[in-house]
Amino acid sequence: MATLNHIRIFSIMIPVLVLFCFFPKEAVADEGTATFYTPPYTPSSCYGNSNEGVMIAAASDAIWDNRAACGRKYRVTCLGATNNGDPHPCNGNSVAVKIVDYCPSPGCQGTIDLSQEAFASIANPDAGKIKIAYKLEEKPIWDSQLGLVMGFESDFSLQTIQQKALLDAICLLIKALQDPRSL
């Protein structure tokens, strides 16, 4: 009897686990547009006169969230051109940027206004404006008593990483059962 129940459970679990193996496990990025701005990068809305480096960006109303965007890090990837200037502006790279400023409408022409250096690392600056995919990489940890961003918390918790590792192991097992020579 116990063997029959195990077989039933196993026969239900295998198709479900197989589906997990063939669907992407990564979060899907949002799409928008990016422009760039030139130095000086201070003062900024988020950090005043503090120099936060050059891999930075200003958030449009689409992601500003009433200053909650300050300190967030986004992974930005060029998807293509938005105009007739350069039909192939992308160089295949992506860049991680930290939101340090606000790009208010109606002047803001993109979802994210990248620093000139960040823009140049993913696309030809002659394009001026590009189509992008962007994904939140880290969330700031806010200390409410000190009123400071104390660090960053990864999007993936340890539990999520362990679940992904388990799914990867199960996928590997299923592939091995299908073709033992694949290992």
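Q: In this predicted model, are the residues of strand β2 (residues 56–59) buried or exposed?
A: Let's look at which way they point. Ile 56 and Ala 58 point one way from β2, while Ala 57 and Ala 59 point the other way. Whichever way they point, all are buried.

Q: In which sense do β2 and strand β4 (residues 94–102) pair, and which residue in β4 is the bridge partner of Ile 56?
A: β2 and β4 are joined over 4 bridges, in the parallel sense. Follow Ile 56 across to β4 and you find its bridge partner, Lys 98.

Q: Which residue in strand β5 (residues 112–115) stands opposite Ala 58?
A: β2 also pairs with β5, through 3 bridges, and these two strands run antiparallel.

Q: How many residues apart are Phe 36 and Phe 119?
A: The model has 4 aromatic pairs. One of them is Phe 36 with Phe 119, a tilted pair at 4.9 Å centre to centre with 45° between the planes. Phe 36 sits in strand β1 (residues 30–37) and Phe 119 in helix α3 (residues 116–122), so this pair links distant parts of the chain: 83 residues apart.

Q: Why does Phe 119 count as buried?
A: Buried means under 20% relative accessible area. Phe 36, at 24%, counts as partly exposed. Phe 119 counts as buried because its relative accessibility is 0%.

Note on methods
Residues are numbered from 1 along each chain as its sequence is written. This is a predicted model: local features need pLDDT of at least 70, side-chain atom pairs count only at pLDDT 80 or more; totals for chains, interfaces and linings use all residues. Side-chain values use heavy atoms; hydrogens and water are left out. Buried means under 20% relative accessible area, exposed over 50%, partly exposed in between (1.4 Å probe, protein chains only). Two strands pair if DSSP finds at least two bridges between them. Rings of Phe, Tyr and Trp (its six-membered ring) pair if their centres lie within 6.5 Å; planes under 30 degrees apart count as stacked, over 60 as edge-to-face and the rest as tilted.
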